[in-house]
Amino acid sequence: MRSRDLGFRLVIGVFAAALLLIVTAIGFELARQSWLSIQKFGFEFWRTSTWDPVAGEFGALPFIWGTLYSSILALVIATPVALGIAVFVSELCPPVLRSPLIFLTELLAAIPSIVYGLWGIFVLVPFVRLLETWTPEALRALPLFSGPPLGVGMLAAGLVLAVMVVPFTSAVAREVLKTVPTTQREAAYALGATRFEAIRAAMFYARTGIVGAIMLGFGRALGETMAVTMVIGNNPQVSLSLFAPQYTMSAVIANEFTEATDELYLSALVEIGLVLFIITLLVNGLSRALIWTMARRVPSKVTA
Amino acid sequence: MVATVVLTACGGGTQQPAATQNASPTIQINGAGATFPYPIYSKWFAEYNTLHPNVRINYQSIGSGGGIRQLLNQTVFFGATDGPMTDEQLKSAPGPIRHLPTVLGAVVPVYNVPGVTDELKFSGPVLADLYLGKVKTWNDPAIAKLNPGVKLPATDITIVHRSDGSGTTYIFMDYLSKVSPEFKTKVGVNTSVNWPVGVGGKGNEGVSGLVSQTPGSIGYVELIYALQTKIPFGTVQNAAGEFVKASVDSVTKAAAAAAANMPSDFRVSITNAEGAGSYPISSFTWILLYENPTDKAAAKVMVDFMHWALTDGQKYAADLGYAPLPDSVVKLEEAALQKIKVS
Amino acid sequence: MNSVPTAAPRKILSALFVGACALSVALALVPLAFIMFFVVSQGIQSLNLDFFIHDPRPVGEPGGGMRNAIVGTLMLTGLAAAIAVPIGVVSGVYLSEYRGTRFASAVRFAADTLNGVPSIVIGVFAYGVAVLPFRHFSMLAGGLALGIMMIPLIARTTEELLLLVPNALREGALALGATRAKAVMTVLVPAALPGIITGVVLALARVAGETAPLLFTSFGNPFLSTSLTQPVSSITVQVFTYAISPYEDWHRQAWAGALVLVSIVLICSVAARLATNRVARIRGH
């Protein structure tokens, strides 16, 4: 019987090993294809702004900037909303509304990225353009709001990403809040706390997990491609302005990959892919570690 | 899976007569490249498929840069480009490649200026300055000088260019580099350049889309995209000093001088051509084929297709805003097609 | 503790907080309603029989449709499932049966990592591995890319579900003398099967909506193609191509395609929800 068990374990172990194999293969393949670019540019690649296929000079700074800026902007907009939803659904809303609300937020997560992009181009961008045209002159002078009102640009990208991130962060935050022992809340109420104060206590208790949920949303925003590339303007520049068309790592790969006409160009693009891979790996890893730490303090299981 | 079977079985209009009834098996040939000739290529491949139902030529318009790249990788059978391959690219190819001109087209400056319904006049140097970022508003004296009597608003100019590797870009850059030395040094000529300013759109489609939706913008697209989307486009001053509007006629005139001295590999630039009535931003567009491809069956089909395109196919050009090839060029090409090894 | 703050400001603060939370819910639902409204209203206009039974016509000619794209998406997801379900389910079994081992932790970590890899990066990988060496864009390459994305989803869902199966079942099977293998395959997996199927359906819905990994793997094809080694169209890539074009007709078709996509996703999500609710009720949760 034991040898049969061993055989079973080996066989299914091979399938499980496939997962490990795929992940290492991805990392390896990305590194291999970007080797040419890594050798030529080294660390300068991460600090240079020029993206000049004619001269063969490639620097990824504008793309890293664009990815980080758009994702952080999305986080700033999405986090309060997502946490608000998580709190409302798990603590405040009447039980009859709970299921439908959860279903609706899940629906937001299920909408394909391309549909967000489509809506982005035809509905959001004209709306943002309107917003930009109405911005008072006084604000326009600030670098944050400078530039012509195009509609496409960082603001539109940040908004679309925010909508896409909300359901992820809110779902995980909800799960995390569920694991806070009721004793915590009961103790707070026993001491005369208002609803706000009791919930605040619960959130404080769950703070590691909540930070993990926020980071998960961040990781999602970092890797988003289609919706962003359709509304961000595709201009590799480092700009503080919300109105300026900019570029992200995933967007430049999507736009230029099939046509990188020489080895160095292709290698530079793959190196950007490698950078993206590493950044999302770190962010997601960190977020899962945080959520897991939270889970360890608490008897019940947290699914993320 | 049931849905798949049902849909596949459902009649497909004129596109899918039963392949099993024909003597020859279905052959699918994949190609990719320029968006510039996409409207006429898609028409040609559809027509050819109606005439030869077993031949399916799949053309994906991903930009000239993409066409060259995928052809060099041999992931497609033929490429298409409006910017001829460089000597370096040809050298790096696994085998000799032939450039085969198909039609002539024009790149036009499309614009969206609120309140302006007149047709605007542009000159080469002014276009170059626009794309260098030196001219920033529509009522700039440089533009006003060319357009006396037109009320130009003080709106900021939004430059729209291609975000992908494009032969249309190549043609436009080629022209601007000829008329502005500063442009030549600062930006240069290629399918993908380091843009000083502007917003990027993907494909001719993306640029026309952006211009039509962004007030105050200017972009460059192939003539047919401007005609089909009814975006206003301006006239450009040619080498003889005239302001010419892009048309089948003016493009044909631009090719006249070049046709007489066509090099044997067909790689020639006709921007800023001499001659009265010629449109300065015109160009040939080429299909790229390996001289000695491994798939001989596909080679035979492509050569047959090219013969058709050079004769019957040219009929469709004018309706779609392209100029047919001069007869002298067609003759030279038919001779060149003999060199493609089909067996 | 210092002096107790008076009740009124605290109560007001609490009320404001509750209001803010309710507002966030509304704020999130607004774009949802907005998007659904546009997709349905714009899409329904172009959704006619032509759309489903015709392939695209050259620009400017009427009567084109997205039949090739619909068939393409169905086949691509089918292919992805064929790759991902065996690897995913079996990996999930390993992860739940041999939970504590270091190997299982490594595999779990790999699954979570893979889950977070941006889909465009997977597309780049699939291009290097399945397109370049064979010199062919193909449905296989596209299916591979989508399959890779599905594997971690299915593996984790399977693991979670197997863990939910009451221990009594596992112990009972082993007590009756079954080997581990038999216990798992004949008792545990069938018990968790409805949930596993739900997980697969949700993963399918997720990859059916992916565009980026298909851009340089399955490429595109104006003709209907069912060949594994030829490029194939898909609803997502087609919608992308149409959306960024300047042609009104193509825009309308893009909305229709979006409507089809959203419907597929909606149906799968609702079905999955109903299935899990049924299972939960049977289990007595």
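Predicted model: local features only at pLDDT ≥ 70, side-chain atom pairs only at ≥ 80, totals over all residues.
Helix H7 of chain C passes helix H8 of chain C in a right-handed crossing. H7(C) covers residues 167-175 and H8(C) covers residues 180-208, and their axes come within 10 Å and cross at roughly 160 degrees. Angles over 145 degrees count as roughly antiparallel, and the two helices are therefore roughly antiparallel to each other. On the H7(C) side, the contact is made by Leu169(C), Arg170(C), Ala173(C) and Leu174(C). On the H8(C) side, Ala183(C), Val187(C), Leu188(C) and Ala191(C) take part. By class, this contact has 7 nonpolar residues, no polar residues and 1 charged residue.

Let me turn to confidence. The model scores ipTM 0.84 and pTM 0.84. Chain C averages a pLDDT of 85, and 95% of its residues score at least 70. Chain A also averages a pLDDT of 85, with 96% of the residues at 70 or above. Where in chain A is the pLDDT below 50? That is the case over residues 300-304 of chain A, a stretch that has 15 contacts in the model beyond near neighbours in sequence.

Now to chain A itself. The chain has 12 helices and 2 strands. The C-alpha atoms of chain A fill a box of roughly 70 × 70 × 30 Å along the principal axes. Of the 304 residues in chain A, 55% are buried. Among contacts between residues at least 6 apart in sequence, 75% join residues at least 24 apart.

Helix H3 of chain A, residues 95-110, and helix H6 of chain A, residues 154-178, have axes that come within 7 Å and cross at roughly 135 degrees. That angle makes H3(A) oblique to H6(A). The crossing is left-handed. From H3(A), the contact draws on Thr105(A), Glu106(A), Leu108(A) and Ala109(A). By class, the contact of H3(A) with H6(A) has 6 nonpolar, 2 polar and 1 charged residues.

Ser287(A) lies in helix H12 of chain A, which covers residues 263-297. Is Ser287(A) buried or exposed? Ser287(A) has 25 C-beta neighbours inside 10 Å, and therefore counts as buried. Leaving aside residues up to four places away in sequence, Ser287(A) touches Gly212(A), Met215(A), Leu216(A) and Gly219(A). Ser287(A) and Ile214(A) are 73 residues apart in sequence, yet their C-alpha atoms are 7.9 Å apart in space.

I come to chain B. In this case 25 residues of chain B are in contact with 19 residues of chain A. Two elements of chain B give two or more residues to the side that touches chain A, namely helix H3 (64-73) and strand E7 (199-201). H3(B) gives the most, with 5 residues. The side of chain B that touches chain A divides into 4 nonpolar, 17 polar and 4 charged residues.

H3(B) is itself mostly covered, with 9 of its 10 residues buried. Among them are Gly65(B), Ile68(B), Arg69(B) and Leu72(B). The buried residues of H3(B) pack against several elements of chain B, including strand E1 (27-33), helix H4 (87-92) and strand E11 (282-290). Just after H3(B), Gln74(B) takes a positive phi of about 60 degrees.

Finally, helix H9 of chain B, residues 203-213. Because 9 of its 11 residues are buried, H9(B) is largely enclosed by the rest of the structure. The buried residues of H9(B) include Asn204(B), Glu205(B), Val207(B) and Leu210(B).

Definitions and conventions
Residues numbered from 1 in each chain as written. Chains lettered and ligands numbered in written order. pLDDT = per-residue confidence, 0-100. Contact = placed C-beta atoms within 7 Å. Helix = DSSP H or I, 4+ residues; strand = E, 2+ residues; numbered from the N terminus. Buried ≥ 20, exposed ≤ 12 C-beta atoms within 10 Å, placed from the backbone. Nonpolar A, V, L, I, M, F, W, Y, C, P; charged D, E, K, R; others polar. Axes fitted to C-alpha atoms, helices over the stretch in contact; angles between N-to-C directions. Parallel < 35°, antiparallel > 145°, perpendicular 65-115°, else oblique. Left-handed = near helix turned anticlockwise from the far one by under 90°.
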